[in-house]
Amino acid sequence: MKKTLVLIITLILCLGASAEDGHQLWLRYQQTHAQVNAPQGGEILNTACRELRNYWLGQAINLQLVSQNIVAPEGYAFDGKTLKASTESGLLYGAYALLREQTVRGTAKGIILKSTPKSKYRILNHWDNLDGSIERGYAGKSIFWNSPIKGEAYDTRLKEYARANASVGINGTVLDNVNASPKMLTHTYLDSVAHIANILRPYGLRVYLSVNFGTPKALGATNTADPLNKRVISWWNKKAKEIYKLIPDFGGFCVKANSEGQPGPFDYGRTHAQGANMLADALKPYGGLVFWRSFVYGSKHKGEDRVKQAVSEFADLDGTFRENVILQSKNGPLDFQPREPYAPIFDQMHRTTQAVELQITQEYLGHDKHLVYLAPMWQEFFSFVSVNRLKGVVGVANIGDHINWCGHPFAQSNWYAFGRLAWDASLNSKTIGEEWLIQTYTDKYQFVAPVLDMMLSSREACVDYMEPLGLHHIMAFDHHYGPEPDGFIASYPIEWCPVYYHKADAHGLGFERSSKGTNATAQYPEPYRSLYDNLATCPPEYLLWFHHVAWNYRMPSGRTMWQELNAHYNKGVKTVQNYENLWQQMKPYIDEARWQHTANLLHLQEQNAELWRNTCLKYFATFSKMPIE
Ligand code: GCU
């Protein structure tokens with residue numbers, strides 16, 4: 001009796017979850033039996049054919065492989081009848097583009113398409129640990145490591161994951177945390193990597209691994225990890241050989257070295273270039289890459305303004321990296337804040353291949369609890385750094401084993417938008433958001449128009465209620481959820497303490513990074529250098545990032561800085577209150593489960609926004625001695 005009851009309850013829960021749980025993401029195609037004419041090909045071409053056969057609602061369609069003079073690798077062209085590409089993955093991306101077009105814009109007027117990716121490497125970074133936990137992951141446990149589901153269920157989920165990535169043009173994935181375990185490169189785990197690679201391959205997705213620079217030493221194979229040591233070099237060469245035997249199309253390594261306690265070449269008096277080049281040489285015979293991260297601080301240039309340290313450490317090394325090394329830098333010079341100026345390292349390395357690292361998981365933007373559509377933030381970055389200068393666009397994934405993959409139903413839009421922008425950074429946030437809404441929910445105008453407006457304003461709202469006017473890193477310690485402007489722990493590195501960043505005092509607020517202060521502005525080229533350096537010309541959104549500003553400083557709006565700060569915090573809260581009200585009116589248009597889930601989260605977000613405003617203004621008022629408005 002008891003067992004039956006448990007079974008019934010489980011069934012109800014499962015049915016409830018699968019009826020509408022967001023598990024299908026934006027891939028909600030109508031089933032059909034289309035006629036597809038295609039040449040013989042490999043497994044990627046088979047995937048393209050299968051998707052079109054199952055879901056293409058238009059006339060019979062031809063797939064054709066053509067020369068690269070006609071269509072660039074991975075790109076596609078469709079003339080209304082024939083889909084052409086020079087690679088199988090091009091046909092796959094073309095197939096998904098057709099399915100997207102048919103859902104979003106319909107087939108009635110005929111579809112004509114032509115597109116090529118703007119950057120070659122479009123990669124997710126999973127900060128997944130081998131024990132299944134995810135650093136800065138909020139949507140459950142890892143889908144790769146230590147999973148409670150095994151066998152077919154495990155494989156099926158990976159297939160769904162690969163399919164979702166392919167549908168937006170993502171072509172690589174790093175399977176483990178940048179704070180990498182040396183165990184990652186042991187036989188047991190490499191066997192699992194090979195298994196995963198086999199599942200992802202038919203979707204054009206290559207696997208990469210984060211590696212711990214100290215691996216040979218940590219595993220006891222050598223007594224040093226010095227990149228110039230012969231035994232160390234030979235260990236990595238052999239390891240590369242072993243990996244490629246298991247995974248012939250393995251993408252390469254991602255490395256966090258000499259940063260936040262990770263081992264690296266400095267431990268042996270060597271440079272980042274010496275470290276990266278040693279690994280690059282090991283991978284070169286097989287075509288592998290090294291993504292070497294520039295997120296370093298507190299090591300060689302300890303004590304220097306943290307936002308300057310990447311340039312200080314890497315600028316002199318420009319031109320000394322091997323061709324298969326890609327320098328991977330976060331979009332801003334600090335650490336994935338709701339708003340940062342772009343990282344000047346992108347302007348300082350002219351002879352080094354570069355990639356940008358964006359954070360899809362919302363470490364500093366309300367985790368999986370706040371609705372924040374990130375495309376406008378990424379677009380802002382690309383307005384400063386042209387994607388033509390980047391070989392890669394990398395995103396720290398927000399995916400876990402949560403039934404809807406990302407936690408917040410709207411967090412899926414950030415995975416989607418990352419892929420679309422990595423493919424073509426000139427696409428705009430509005431188009432991408434609209435595509436996502438129509439595919440994920442409905443094409444009803446009464447829903448799409450207002451909800452799209454909500455998405456598009458949500459990043460600015462988050463900046464307003466968390467860190468307006470260029471404030472940064474005033475989040476609570478470690479978990480980074482919620483405010484802690486008075487945060488200071490004497491035993492912590494000062495760069496982890498919020499008080500270090502806002503520098504509130506009786507005079508004013510903000511970090512003086514102009515030529516009167518740490519001179520971080522000097523790392524920018526003109527016109528930004530002068531623009532940011534001068535208090536009078538510094539854009540208000542970066543004001544307190546670059547300047548320590550008097551509380552009664554007159555802003556372009558005519559208000560004092562204190563009044564402006566109040567206005568932004570109030571606006572942020574008001575905007576989220578409006579979201580909550582708007583969402584109430586959206587109930588008739590979508591399913592109850594996803595509507596309710598979002599309604600609950602918006603309510604929490606509104607409370608959090610108020611907490612942010614109240615905590616920060618109350619704290620800053622103890623310095624400004626001015627009334628809270
Ligand atoms: C942030 C984040 C860490 C992460 C680090 C990195 O500091 O809080 O969890 O390891 O970035 O990007 O390496």
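**Entry 1: a helix end**

I began at Gln 585, which is found in helix H18 (residues 561-585). Helices here are DSSP runs of H or I with at least four residues, strands are runs of E with at least two, and both are numbered from the N terminus. I noted that this is a predicted model: local features need pLDDT of at least 70, side-chain atom pairs count only at pLDDT 80 or more, and totals for chains, interfaces and linings use all residues. Residues are numbered from 1 along each chain as its sequence is written.

Is Gln 585 buried or exposed? Gln 585 has 11 C-beta neighbours inside 10 Å, so it counts as exposed. The cut-offs: buried means 20 or more other C-beta atoms within 10 Å of the residue's own, exposed means 12 or fewer, partly exposed lies in between, and C-beta atoms are placed from the backbone.

**Entry 2: the whole chain**

I counted 19 helices and 15 strands in the protein chain. The radius of gyration is 25 Å, which agrees with the value near 25 Å for a compact globule of 629 residues. That radius is taken over C-alpha atoms, and the globule rule is 2.2 Å times the number of residues to the power 0.38. The C-alpha box along the principal axes is roughly 70 × 70 × 65 Å. Of the 629 residues, 50% count as buried.

I looked at contacts next (C-beta atoms, placed from the backbone, within 7 Å). Among those between residues at least 6 apart in sequence, 69% join residues at least 24 apart.

**Entry 3: the annotated domains**

UniProt, in an unreviewed entry, puts "domain: Glycosyl hydrolase family 67 catalytic" at residues 109-384. I find 30% helix and 14% strand there, with the end C-alpha atoms 37 Å apart. The UniProt record also places "domain: Glycosyl hydrolase family 67 C-terminal" (unreviewed entry) at residues 406-629. That stretch is 53% helix and 2% strand, and its end C-alpha atoms are 37 Å apart. UniProt positions use the numbering used here, feature names are shortened, and annotations may be inferred rather than shown by experiment.

**Entry 4: the core**

The largest nonpolar core holds 176 residues. Such a core is a set of buried Ala, Val, Leu, Ile, Met, Phe, Trp, Tyr and Cys residues joined through C-beta atoms within 7 Å. Which residues have the most contacts inside it? They are Val 255, Leu 279 and Val 290. I followed Val 255 beyond its neighbours within four places in sequence; its contacts include Val 211, Phe 213, Leu 279 and Trp 292.

**Entry 5: strand S6**

I opened strand S6 (residues 121-125). Five of its five residues are buried, so S6 is largely enclosed by the rest of the structure. Tyr 121, Ile 123 and Asn 125 point one way, Arg 122 and Leu 124 the other.

S6 runs parallel to strand S13 (residues 392-396), joined by five bridges. Pairing needs at least two DSSP bridges. Arg 122 stands opposite Val 393 in S13. S6 also pairs in the parallel sense with strand S7 (residues 172-174), over three bridges. There, Ile 123 stands opposite Gly 172. The chain passes from S6 through helix H4 (residues 151-167) to S7 in a right-handed β-α-β crossover. Right-handed means that, with the strands pointing away from the viewer, the path from the first strand over the helix to the second runs clockwise.

Note on methods:
Two residues are in contact if their C-beta atoms, placed from the backbone, lie within 7 Å.
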